[in-house]
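Here is a short briefing on one protein chain. Please look over the sequence and the structure before reading the points.

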Amino acid sequence: SVSVRHFEAPSASLEGEVTACAGQPAEISVSVSGGQWPYSVGLLLNGKPYKKEPLLVTRPDGQLTVAVTEQGRYSLQGVRDARRCKGKTSGEAVVRQYARSRAGFAQSSHTMCAGSAVDISVSVTSEGSPPPWQVTVLRDEHFFAAKAVTNSTAGGGTFTFSTRQPGLFKLSQEGFVDARGCSGTVGKPMRVTVAQLPTVRVTPASGSVCEGGEV
């Protein structure tokens with residue numbers, strides 16, 4: 001008689017429900033048991049492959065933490081062990097992202113007189129993110145000012161700063177965060193220029209003038 005031995009099939013599960021800042025990684029947990037490690041398993045996002053290559057689970061305990069950056073429903077597909085034996089997958093992980101606030105200058109450019117100052121306004125739209133918002137202003141790529149903006153308007157806030165210096169002003173992407181520490185999106189830079197002073201040229205009239213007379 002011939003005896004047939006069946007290898008134990010692996011099984012993989014996924015779990016996690018995470019809310020993270022947009023653009024920042026969220027961690028979900030994969031667990032594989034049975035069969036022979038190491039394992040490989042496909043990761044799906046909303047039913048479609050999240051990565052071209054399968055995940056590799058190399059720990060003997062079958063545990064793997066995966067960092068993902070897109071929101072949606074994650075699931076597993078096609079788990080295999082070191083013997084190439086197929087197994088079953090179960091579970092899902094849900095990743096959500098917090099809303100991102102927006103900040104921008106009220107105007108695209110400013111012109112000021114030489115020696116004078118100009119006031120520049122910045123507006124913040126919350127989009128559901130919590131105040132206060134930390135806003136960092138750069139001038140010609142160097143730090144210029146930072147401000148904590150409170151929720152002073154319906155759905156956002158504003159602040160104004162003054163400058164006597166011309167240059168290209170922009171809002172720092174990394175330096176614009178809400179109360180959770182999540183970064184927001186920033187608008188286009190704004191340029192401040194100095195107006196040219198008018199010139200006056202006096203040209204004497206032709207002819208002769210007697211001493212003491214008027215020109």
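The model is predicted. The chain has 19 strands and 0 helices. A search of the whole structure finds 1 disulfide.

**Overall make-up**
- Of the 215 residues in the chain, 32% count as buried.
- The chain exposes about 13,600 Å². Carbon and sulfur atoms supply 49% of that area.
- Take the contacts between residues at least 6 apart in sequence: 66% of them join residues at least 24 apart.

**The five-strand sheet**
- An open sheet is formed by 5 strands, in the order S12-S19-S17-S14-S15. Its pairing is mixed.
- Strand S12 (109-112) and strand S15 (142-149) stand at the edges. Each has a single partner strand, so one side of each lacks a neighbour in the sheet.
- Neighbouring strands of this sheet are turned by 20 degrees against each other on average, direction ignored.
- Strand S14 (residues 133-139) and S15 run antiparallel and are joined by 7 bridges.
- Arg139 has His142 in S15 as its bridge partner.

**The four-strand sheet**
- Another open sheet has 4 strands, in the order S7-S3-S1-S9. The pairing here is mixed.
- S7 and strand S9 (88-91) are the edge strands, and each pairs on one side only.
- The twist from one strand to the next averages 20 degrees.
- S1 pairs with S9 in the parallel sense, over 4 bridges.
- Ser13 stands opposite Ser90 in S9.

**Nonpolar cores**
- In soluble globular proteins, nonpolar side chains tend to be buried together.
- The largest nonpolar core of this model has 21 residues. Leu14, Ile28, Val30, Val41, Leu43, Val68 and Tyr74 have the most contacts inside it.
- Elements that give two or more residues to this core include strand S1 (11-15), strand S3 (26-33), strand S4 (39-45) and strand S8 (72-80).
- Leaving aside neighbours within four places in sequence, Ile28 is in contact with residues including Leu14, Leu43, Val68 and Tyr74. Glu15, Thr65 and Ala93 are also among the contacts of Ile28.

**Cysteines**
- Cys21 and Cys182 form a disulfide, with their sulfur atoms 1.9 Å apart.
- Cys21 lies in the loop between strand S2 (17-20) and S3, and Cys182 in the loop between strand S17 (167-171) and strand S18 (185-186), so the pair ties together parts that are 161 residues apart in sequence.
- The torsion about the S-S bond of Cys21 and Cys182 is about -70 degrees, so the disulfide is left-handed.
- Cys21 counts as buried, at 10% relative accessibility. Cys182 is buried too, with a relative accessible area of 3%.
- Cys113, at 52% relative accessibility, counts as exposed, because the cut-off for exposed is over 50%.

**Ser101**
- Ser101 sits in the loop between strand S10 (93-97) and strand S11 (102-105).
- Not counting residues up to four places away in sequence, Ser101 touches Thr125, Ser126, Glu127, Ser129, Trp133, Phe176, Gly184 and Thr185.

Notes: Residues are numbered from 1 along each chain as its sequence is written. This is a predicted model: local features need pLDDT of at least 70, side-chain atom pairs count only at pLDDT 80 or more; totals for chains, interfaces and linings use all residues. Side-chain values use heavy atoms; hydrogens and water are left out. Two strands pair if DSSP finds at least two bridges between them. Axes are lines fitted to C-alpha atoms, for helices over the stretch in contact, and angles run from 0 to 180 degrees between N-to-C directions. Contact means heavy atoms within 4.5 Å. A nonpolar core is a set of buried Ala, Val, Leu, Ile, Met, Phe, Trp, Tyr and Cys residues joined through side-chain atoms within 4.5 Å. Buried means under 20% relative accessible area, exposed over 50%, partly exposed in between (1.4 Å probe, protein chains only). Accessible areas come from the Shrake-Rupley method with a 1.4 Å probe; for residues, only the protein chains shown count as cover. A disulfide is a pair of cysteine sulfur atoms within 2.5 Å.
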